[in-house]
Amino acid sequence: ILLDTKVKGFDYRVDITVHRGAGAYICGEKSALIESLEGNRGHPRLKPHKPSPEYYFGEPTLVNNVETIATVPYIVNNGAAAYRQYGTEKSPGTLLFGLSGHINKPGIYEMAFGESMQDFIDTLGGGIKNGKKLKAVIPGGASTPVLSAEEVKTARLDYESMKAIGSALGTGGMIIMDEDTCMVSALKNLLSFYHHESCGQCTPCREGTAWVDGIIANMLNKKAKADDLELLSDISKTMNGKTICVFAPAVAMVIDGFILRFRDEFEAYIQKSLGEADA
């Protein structure tokens, strides 16, 4: 028994209290979460230069994802070595991977780290809907850089492998996109979300998310300018590493990933806009 009194025979009590959240994306950041639990706006806190716990009503507090805590009973009961039988040396254990988008069998699947992304999509996911070809995958939730279909062929589902190919595993929430997906529209969908969910505390994030969202909107509406890609890159650099939390840097990485891997589609929209203007 790991809850209530006399945990594992010791005179120690463990309780769990569930708080209902308001759905703010920024409250996934641990200090913003604590701020909201204290009754304040969900704004991330400035971080100390050295590792330090967060404080909940003045008391030192550790913040973990529910998924992390869910692995604790297995490790306590069976030992670390048993848990490390799954996964890789540097990414031991399992993760709940999500499949969404143009996939035949969307859902949540628990799987050991280190498996082939392509095999996961083809077997557990049942392949791409309507027999179409894979075009791109966002591997770890909306905040991780997109991968091309060619990169997916050799990608492994663990933290080190994702980092090595210029993306991140994140939460394991994979978004599958087929060959007919417009990557400019896909980026617009993501940037609209980030524009809405920015808490507004930091100027580079508050202004930057609005700015990049508007640039892509103009691109889709045939109002793009010749230097839009360079402008997006400059804004991305301004947003990266100049804010309290990693929300803005994540947006910057998303933008950079789309332009790096699908630049030709963005250039085509720009040329279409310039052609309309000349006409």
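Guide: Helices α8 and α9 are roughly antiparallel to each other, an angle over 145 degrees being counted as such. The model is predicted, so that local features need pLDDT of at least 70 and side-chain atom pairs count only at pLDDT 80 or more, while totals for chains, interfaces and linings use all residues. Residues are numbered from 1 along each chain as its sequence is written, and side-chain values use heavy atoms, with hydrogens and water left out.

Visitor: Which quantities describe two packed helices?

Guide: Two packed helices are described by the angle between their axes and by the distance between those axes. Here the axes of α8 (residues 183-197) and α9 (residues 203-220) come within 9 Å and cross at roughly 150°. Axes are lines fitted to C-alpha atoms, for helices over the stretch in contact, with angles from 0 to 180 degrees between N-to-C directions.

Visitor: Is the crossing of α8 and α9 left-handed or right-handed?

Guide: The crossing is left-handed: the near helix is turned anticlockwise from the far one by less than a right angle.

Visitor: Which residues of α8 and α9 meet?

Guide: With contact meaning heavy atoms within 4.5 Å, α8 contributes V184, S185, L187, K188, L191, S192, Y194 and H195. Their counterparts in α9 are T209, A210, V212, D213, I216, A217, M219 and L220. By class, this contact has ten nonpolar, four polar and two charged residues; Ala, Val, Leu, Ile, Met, Phe, Trp, Tyr, Cys and Pro count as nonpolar, Asp, Glu, Lys and Arg as charged, and the others, Gly among them, as polar.

Notes
Helix = DSSP H or I, 4+ residues; strand = E, 2+ residues; numbered from the N terminus. Parallel < 35°, antiparallel > 145°, perpendicular 65-115°, else oblique.
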